Amino acid sequence: MTLTLKHIGRRLNQNWIIKDLSFHVDDGECLAILGPSGCGKSSTLRIVAGLDIPSEGSIYINNINITQDSPLNRKVGMVFQSYALFPHLSVSSNLSLGLKVRGISKKEQIKRVNYVLALMQLEHLSQRLPSELSGGQRQRVALARALLREPLVYLLDEPMSNLDAQLREELRPELRNLILKGDQAVLYVTHDQQEAMAIADRVALLNNGQLEQIGRPEELYKNPQSIFAANFIGRPQINLLPIDKGIIKGIRPENIIFDENGINCKISHIEWLGINQLVYLDSHYGQIRMICDSHAAITEQAKISWKERDVLNFDALTGKRVNIY
């Protein structure tokens, strides 16, 4: 099931929360909407869900215009950041409530609920209340509820932001197996670039309500089209150095090398990352971050360089990528 947004905009008073946003999500594709807080990620999801009405533009599912359809008629499955479970209902009752409202027979309700309970490995928790579940278990219930809608499109609004780092890593492959392998289009909102890179087929990077860049994760990392994209994608952050007049040079920390003929630097501090070390160096261009082997012997002074083929050049005034020949 395909999802298409054409020139979507949403305005509150005189302020545009989203402006001229267009993209397409194919059958079985996951598109992550990534960006900092306040950039319009969740607002985009709410518009697709029908919870907010766009000020301009159109939304299509399978080439059918649903812009004015009610949320009930859109057949989207939404997973919220806050789980949104009824605290007084058991897991089974939370799952069956939506089926009951839609007029599904009692027998069919039991059949469908038992199926998703088994799928999400929740059978032994079916009679528990949400307060008796861990954060990961509650998120599984929220995912199971979305599955029960048999949606045309899945909408996931930072579904793992309330979980600890280890649990997020454990749930990522489950998300791909349970939701992302179907034929539905998936919109996955997150502020966590690592999560977006791990889960999504493509990433749409938003900046102040507008589309900064869209593409496969490796494309945004290797070929950012602006300083914003280069700086937002990649940890540790890219080095942005004002070496040439009017040009900002971007060099990834892993592309910095020790070189006896390079520029002089002083070691500021070092973060040990296990297999690697993150070294902070002070230079006359400003601070430079460098990734090197954890066994590398590092003194207080160092000389470094980089290969020109690894440099990304940006216009210092516009922030846009430029080619220098």
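## Strand pairing

Two strands count as paired when DSSP finds at least two bridges between them. On that basis this predicted model holds an open sheet of 4 strands. The strand order is β2-β1-β4-β5, and the pairing is antiparallel. β2 and β5 are the edge strands, and each of them pairs on one side only. In general, the strands of a sheet pair through backbone hydrogen bonds, either parallel or antiparallel.

How many bridges join β1 to β4? The count is 5, between β1 (residues 3-12) and β4 (residues 56-61). These two strands run antiparallel. Two pairs of residues can be picked out in the structure. L3 has I61 of β4 as its bridge partner. K6 stands opposite S58, also in β4.

## The β4-β5 hairpin

I61 turns up again on the way to β5. Its bridge partner in that strand is I64. β5 covers residues 64-65 and pairs with β4 over 2 bridges, in the antiparallel sense. The two strands form a hairpin with 2 residues between them. N62 in this hairpin takes a positive phi, near 55 degrees.

## Backbone exceptions

D20 also has a positive phi, near 50 degrees, and D20 is a residue other than glycine. Where does D20 sit? Its place is in strand β2, residues 15-25. β2 is one of the edge strands of the sheet described above.

A cis peptide bond runs from R235 to P236, with omega near 0 degrees. P236 lies in a loop. That loop runs between α8 (227-232) and β11 (239-244).

α3 (residues 106-119) crosses α2. The axes of the two helices come within 10 Å, and the crossing angle is roughly 130 degrees. An angle over 145 degrees would count as roughly antiparallel, and 65 to 115 as roughly perpendicular. The α2 and α3 pair is therefore oblique. Its crossing is right-handed.

α3 also crosses α4. Here too the axes come within 10 Å, and the angle is roughly 135 degrees. That makes α3 oblique to α4. The hand of this crossing is right-handed as well.

## The largest pocket

Rolling a probe the size of a water molecule over the atoms shows where empty space is left. In this model the largest pocket has a volume of about 540 Å³. It is lined by 21 residues. Of these, V76, F80, R102, R145 and R149 are the closest to the pocket centre.

Which element supplies the largest share of the lining? It is α2, with 6 residues. So much for position; the lining can also be sorted by class. It has 15 nonpolar, 3 polar and 3 charged residues.

## Where the parts meet

Two helices link the last two sections. α2 lines the largest pocket and crosses α3 at roughly 130 degrees.

Notes:
Residues numbered from 1 in each chain as written. Predicted model: local features only at pLDDT ≥ 70, side-chain atom pairs only at ≥ 80, totals over all residues. Heavy atoms only, no water. 1 Å grid on protein atoms, 1.4 Å probe; cavity = no way out; pocket = protein on both sides within 12 Å on 5 of 7 lines; lining within 4 Å. Points joined across faces, edges and corners; volume = space filled by probe spheres on them. Nonpolar A, V, L, I, M, F, W, Y, C, P; charged D, E, K, R; others polar. Axes fitted to C-alpha atoms, helices over the stretch in contact; angles between N-to-C directions. Parallel < 35°, antiparallel > 145°, perpendicular 65-115°, else oblique. Left-handed = near helix turned anticlockwise from the far one by under 90°.
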